[in-house]
Amino acid sequence: MILGRSIIVAAVAVTLLAPALAQEPSHEETLPPKNRWSFAGPFGIFDRGQLQRGLKVYREVCSTCHGLKLVAFRDLAAPGGPGFTTAQAQAIAAEYKIQDGPNDQGEMFERSGRLADYFPSPFPNEQAARARFNAVPPDLSVIAKARGFERGFPYWVFDLITQYQEQGPDYVTALMQGYEANPPAGVTLPPGTVYNKYFPAHALAMPPPLSDQRVEYTDGAPTTVEQYAKDISAFLMWAAEPHLDQRKRVGMQVFIFLIIFAGLLYFTKKKVWHQVELHPEKLRGRPPVEYPSA
Amino acid sequence: MVHQSMNAHPSYQPKNAFMQWLERRLPIAGLIYSSFIVYPTPRNLNYWWTFGGILTFMLAVQIVTGVVLAMHYMPSAGDAFDSVEHIMRDVNYGWLLRYVHANGASMFFLAAYIHLFRGLYYGSYKEPREVLWILGVILLLLMIVTGFMGYVLPWGQMSYWAATVITNLFSAVPLVGESIVTWLWGGYAVGGPTLNRFYALHYLLPFVIVGVVVLHIWALHVVGQNNPDGIEPQTADDTVAFTPYATIKDAFLMMVYCILFAWFVFYVPNFLGHSDNYIPANPAVTPTHIVPEWYYLPFYAILRAIPNKLLGVTALAASIFVLMLLPWLDTSKVRSARYRPLYRQFFWVFFIVCVGLGWLGSKPPEGNYVLFARIFTVYYFAFFVVILPVLGKVEKTKLPPKSISQAVLRHGMPIGTPAPPPDMHKA
Amino acid sequence: MSSAEPTRRDFLYIATGAAAAVGTAGALWPIIAQMNPDTSTIAMGAPIEVDLTPIAEGQVIKVFWRSKPIFINHRTKKQIEEAQNVDVAKLPDPQPDSARVKPGHEQWQVLIAICTHLGCIPLADQGPYDGYFCPCHGSVYDTSGRIRQGPAPLNLALPPYEFLSDTKVRIG
C-alpha cells in the first residue's frame, strides 16, 4: 500500500518536475504579446471597419510582394467579411488586371477583374519572386493560421478553456512592430536581412513594411504602425477564416442544443434506471436462465 | 465460461406480417433484437463502458464526413492543399465538415485510449476475452494507419514531412528496407503517387475497420461484457436488458462527449493541429520540429528513445504488439483492479508514464528529454513483460463479491425490496 | 402508480425524442447541403457579356454560360421571315417568334443549345427548316429554334439575356 503510494508520488513528481529538470534547449524566442481582438472568444465577430482598413493596408502595402490567391473579390461582399456591397466589390475587382485566355487567336490576354476572380499574385511563380528578392514572400491567404507558437504547460490548458486561437494575428501584429534598427550585441545578420525580435530566426528578409501615415484612413482611425499592424492582422485572419462569424454563431446554437439534449437524456436515464428498483421483473432481457458460475 | 450465444434464445416474435415474412428469410430484425435490445448486460457497468458505443458513433461520424469531403477533395500534389481550402471557403458547410473530420480523428483516438485503459484496469482482456482484446488491438493499429494517411492528404508541411519520416522508418528493415520505402513512395521521394495511394487507402481502411468492428462486437456478444467487479454474471438478476438501460446511458454520455467535440470544432478547431500544416508542402524546406498529432506522440517518444534506427522501429512496433500478448502476460486470477490494490498502483504509474511519453514526444530529442523518454520506455515495456507476470503470482488480492447483484446491492437487501433511500442507488 | 406519473414520464420521453429528432435533422442538413453548388461554382455562373460585332449575318456562334452551350445566331432577313410567317397554332410547342427574341433585336437569336429530347447539342444551319438539327435522334428545329419534327417535346429554351447595346448582349 505504502510502497504503491510512494511509487505513484514519485512518478507524478518526476513527470511534473521533468520540465524543470530537463535542459530546455536555449532558443531566445520572444513570444508575441496577446492583443484584444473583436473576433476572439465564443461571441467574437469581425469588425467590418477594421477589415476594410486591413484590406486597404494589404492593397497599398503588402500586395506589392505578397499574393492573396485564395481570396476572391466576391468574398469581399460575402456575409461575415468586410461588408462591401456587390457593386463595391465589383468596382474593386475591376481595378485589377486578370490574365485570361487563350482567345480565338490562341493568345493569353488581360481583362479587368470580375467578382469570380481571385486576387492576382505579384509574381507568376516562386522562381520569379526569388529572382527578384532572393527570398519568396509567402502568399498571405492562410498566413494567420500558418503562424503559431507553443505556450508550455499549463498555459495551453488556459488557452484551451479561454479559446485562444489568435496566435496568428498576435504574431503578425508583433512582427510588424518587432523590427529593431540595431541587432543585439554579438548577432550578425546575413546580408539582405533585418533584425526582428519576434521572427523565430530573428534575421528577417522582409524590410519593415509599415510606417506612420503610410496608409490614409478615411474613418478617423489612427494612422500609426500599431494600428496598421492590428488592422492587417485582423484582415488576414478573415482571409484565412472567412466563416469565423458563422462558425461561432452556429457553435453557440449547437452548444445550447447539446446541453439541453444532454440534460434531457440524463433525466431520461435516471427515470429509466429507477425502474430497476421498482420493477425488477421487467428489467431482465430474457427469462431467467441458469448460468454456470464463473 | 461462455454463457450465451446469439441464437440460443426465444426472443424475437414479430407480430407484423411483413416482418414475419422477412424474418423467415433474413433474420436481421431478430439479430438486432437479440444483440441490442434484449441482450443481457451486466447491471453494474459504469460510464467507462460507454466508450465502445462512443467509438462506434465516432467511426460513423468519420465515415460520413469523410465520404462527403471526398466529394470535393482533389488528391493530386498540385491541387490537394487548394482543394482543402476550397472546401473551407466555398463548399456549403465545408468548414464544418472539415473541422468535424479533423477534430473527429482526435476524439476517435481519445475514446479509443479511454476504452483501452478501461480494459487494462478492469481486466477485460483476460480469459475468455482474449480474441476480443486482440481484435481491439488490431482496430487500434488500423486506426493508427488510417489516421496517418489522412493527415498526409491536406498536403501541408507537416503532412509531407510526417509522410517522409514515417515511410523512411521502413528503411530500417534489413536487406529489403530501401525497396520497401521506394515501393511505398511510388517514386524517389514522397510525392504525387504517394499522395494518391494514401488517399485510396485512407478511403478503404475505414471500411476494413467496420468489418473488424463487426468481429469485435460479435466476439463480445459471445462471451458477454466484462464489468467493474470482474465477475461473470451468474443469474438473470445480475443483468439488465441492453435496451433501454444501456442504450440510454450510452446516449447520455455520447452527448456529453459531443459537447467536448463541439468545443473543439466550433471554438478551438486548430488547437490540436499544427500551424505548419497551413503552409503548403515544400520538399525543399523541412520544418524546425516535425511533430505528429498528439495521439501518436507516446509512440513517437518510444521510437526516438532508442538510439539505434532498427531497434527504435522495432520498439515502436513492439509497443503495440506487446498489447496483444497481454492476456497471457497477466497471470492474476482476479480480473478487476478494484480487487487488486497493488496492481492498481502500477496501473496508475503506467498511465502517468503514457501521458509523460506523450509529452516527451512533442519535445525535441535533446538533453534530459531523451533521458526521461528512455526511463519511461523501460517502464512501459516492463509493465507488460515484468510487472504483470510477477504481480499475478505475488499480489494479495481482495476478495471479489460473490455475484454482481451482491456487489450492486452492497447492503445485502434482496431485489424487489421497495426502493431504498436515494443515496443507495448504484446506477 | 397514479395517473399523473405516466404523463410526467411520457413528457420527458417525448421531449427527449423530439430533441433527438431535431438534432438528427440538424446534423443531417450540412451533409445534404454540401452537395448543392458551392459559392465558387455559383460565381462562375455569373452573367457573361458577349461582343456581337464579329458575328456576321448568317453566322452562328457558340458560347458557354453556366457550362451550358448557347447559340447566338445572327439571322438573315430570310431566316427572320421564315420564323415569323408560321401558323403558330399548328406548331408542336406553339410560340410566336416575337416571344423568342427581344424587340428591336429580331436578328439576334439567343438559345440554349441543348436538345429538349435527351440533351444533345443540335447542329446549326441544318435541317429542312434551315434552323437546327439534332443528330442523336433526328429532332428538327426551325429558324426560331422551335421544334418541328422529331421526338423533342419542346422548343429550344431561352437563357435569360438582355442587350446592353446593339453590339453587346449579357447572358445570364
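Is the crossing of helix 6 of chain B and helix 9 of chain B left-handed or right-handed? Hold that thought while the model is set up.

This is a predicted model: local features need pLDDT of at least 70, side-chain atom pairs count only at pLDDT 80 or more, and totals for chains, interfaces and linings use all residues. Residues are numbered from 1 along each chain as its sequence is written, and chains are lettered from A and ligands numbered from 1 in the order in which they are written.

**Stop 1: chain B.** Select residues 130–152, helix 6, and residues 192–223, helix 9. Helices are DSSP runs (H or I, at least four residues), numbered from the N terminus. The two axes lie 9 Å apart, at an angle of about 160°. Axes are lines fitted to C-alpha atoms over the stretch in contact, and angles run from 0 to 180 degrees between N-to-C directions. Helix 6 of chain B is therefore roughly antiparallel to helix 9 of chain B (over 145 degrees). Their crossing is left-handed: the near helix is turned anticlockwise from the far one by less than a right angle. Colour this contact by class: 23 nonpolar, 5 polar and no charged residues. Ala, Val, Leu, Ile, Met, Phe, Trp, Tyr, Cys and Pro count as nonpolar, Asp, Glu, Lys and Arg as charged, the others, Gly among them, as polar.

**Stop 2: chain C against chain A.** Select 10 residues from chain C and 13 residues from chain A. Contact means C-beta atoms, placed from the backbone, within 7 Å. On chain C, helix 1 (4–33) gives the most, with 7 residues.

Stop 3: Select domain 1 (1–36), then domain 2 (42–171). These bounds come from an automatic or database domain assignment. The C-alpha centres of the two domains lie 53 Å apart.

Conventions: Contact = placed C-beta atoms within 7 Å. Helix = DSSP H or I, 4+ residues; strand = E, 2+ residues; numbered from the N terminus. Parallel < 35°, antiparallel > 145°, perpendicular 65-115°, else oblique.
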